[in-house]
Amino acid sequence: MKKMTNDYFLKFCDIVERSMPDPSQFDNCRKDMIDASFDDRNEVFVYTDTSHNMEVLKLDEYTKEFEKRRRNEIPNLKEHQPSAVDAVCVSKDNEWFLIEFKNEPIKNILKSTPKKMLSSVWLIAYLYSTLSEQISDEKDILKFARENITFITVVSSEKNENLEETIGATWENEMLPFC
């Protein structure tokens with residue numbers, strides 16, 4: 001596994017750890033891509049490429065802790081846990097990669113994924129703002145998102161057999177040199 005050691009990724013890790021109600025749970029958030037892709041329901045890894053495996057922050061784990069804190073602050077809260085992508089990686093150039101792993105056909109995820117991506121951008125901006133930190137020099141979070149965030153959905157090849165094999169290769173070739 002490629003360890004992420006750049007300042008942007010480490011700062012994001014620090015922000016998440018300081019935001020957790022129980023910082024001892026932070027180690028559950030720091031995973032590699034293979035572990036982050038684990039589908040609990042079907043007990044299978046969606047991503048299995050050991051040659052392109054890197055450290056990520058598993059945002060799903062953080063949202064569980066975030067929800068606990070919100071429930072303690074607002075006991076009658078009726079909203080569900082915020083949805084977030086499975087994993088986040090930040091490059092040495094402050095390029096953000098929000099990664100969603102799906103063990104289902106693409107046609108089943110077209111409606112839920114954009115909402116999850118937007119919710120993730122909101123959650124990341126919220127984390128930085130609550131600690132009076134800046135994600136970048138750019139004040140407009142939407143402009144920052146358009147210019148610096150790439151959303152990636154990794155789908156199960158078994159559930160999407162009719163897709164071209166080059167879809168996954170495109171991501172690997174474009175993302176890895178930046179991290």
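Visitor: Which residues does Phe-12 touch, not counting residues up to four places away in sequence?

Guide: In this predicted model, Phe-12 touches Leu-57, Leu-59, Val-88, Val-90, Trp-96, Ile-124, Leu-127 and Tyr-128, with residues up to four places away in sequence left out.

Visitor: Which residues touch the most other members of the largest nonpolar core?

Guide: They are Phe-12 and Trp-96, in a core of 42 residues. Helix α4 gives this core its largest share, 6 residues.

Visitor: How many of the chain's residues are buried, as a percentage?

Guide: The protein chain has 179 residues, and 43% of them are buried. The chain exposes about 10,300 Å², of which carbon and sulfur atoms supply 49%.

Visitor: What is the pattern of helices and strands along the sequence?

Guide: The protein chain contains 6 helices and 7 strands. Their order along the sequence is α-β-α-β-β-β-α-β-β-α-α-β-α. As for contacts between residues at least 6 apart in sequence, 69% join residues at least 24 apart.

Visitor: By what is a pair of aromatic rings described?

Guide: The description rests on the distance of the centres and the angle of the planes. The structure holds 6 aromatic pairs. One of them joins Phe-38 and Phe-45, with 4.8 Å centre to centre and 55° between the planes, and this pair is tilted.

Visitor: Are Phe-38 and Phe-45 buried, partly exposed or exposed?

Guide: Phe-38 has 29% relative accessibility and therefore counts as partly exposed. Phe-45 is also partly exposed, its relative accessible area being 35%.

Visitor: Why is the pair of Trp-122 and Tyr-126 described as stacked?

Guide: The ring centres of Trp-122 and Tyr-126 are 5.2 Å apart and the planes lie at 15°, so the pair is stacked. The cut-off behind this step is that planes under 30 degrees apart count as stacked.

Visitor: Where do Trp-122 and Tyr-126 lie in the chain?

Guide: Both belong to helix α4, residues 112-130. Trp-122 and Tyr-126 are 4 residues apart there, and therefore about one helical turn separates them.

Visitor: How is the accessibility of Trp-122 and Tyr-126 to be read?

Guide: Trp-122 counts as partly exposed because its relative accessibility is 44%. Tyr-126 is partly exposed as well, with a relative accessible area of 28%.

Technical notes: Residues are numbered from 1 along each chain as its sequence is written. This is a predicted model: local features need pLDDT of at least 70, side-chain atom pairs count only at pLDDT 80 or more; totals for chains, interfaces and linings use all residues. Side-chain values use heavy atoms; hydrogens and water are left out. Rings of Phe, Tyr and Trp (its six-membered ring) pair if their centres lie within 6.5 Å; planes under 30 degrees apart count as stacked, over 60 as edge-to-face and the rest as tilted. Buried means under 20% relative accessible area, exposed over 50%, partly exposed in between (1.4 Å probe, protein chains only). Helices (H or I, at least four residues) and strands (E, at least two) are DSSP runs, numbered from the N terminus. Contact means heavy atoms within 4.5 Å. Accessible areas come from the Shrake-Rupley method with a 1.4 Å probe; for residues, only the protein chains shown count as cover. A nonpolar core is a set of buried Ala, Val, Leu, Ile, Met, Phe, Trp, Tyr and Cys residues joined through side-chain atoms within 4.5 Å.
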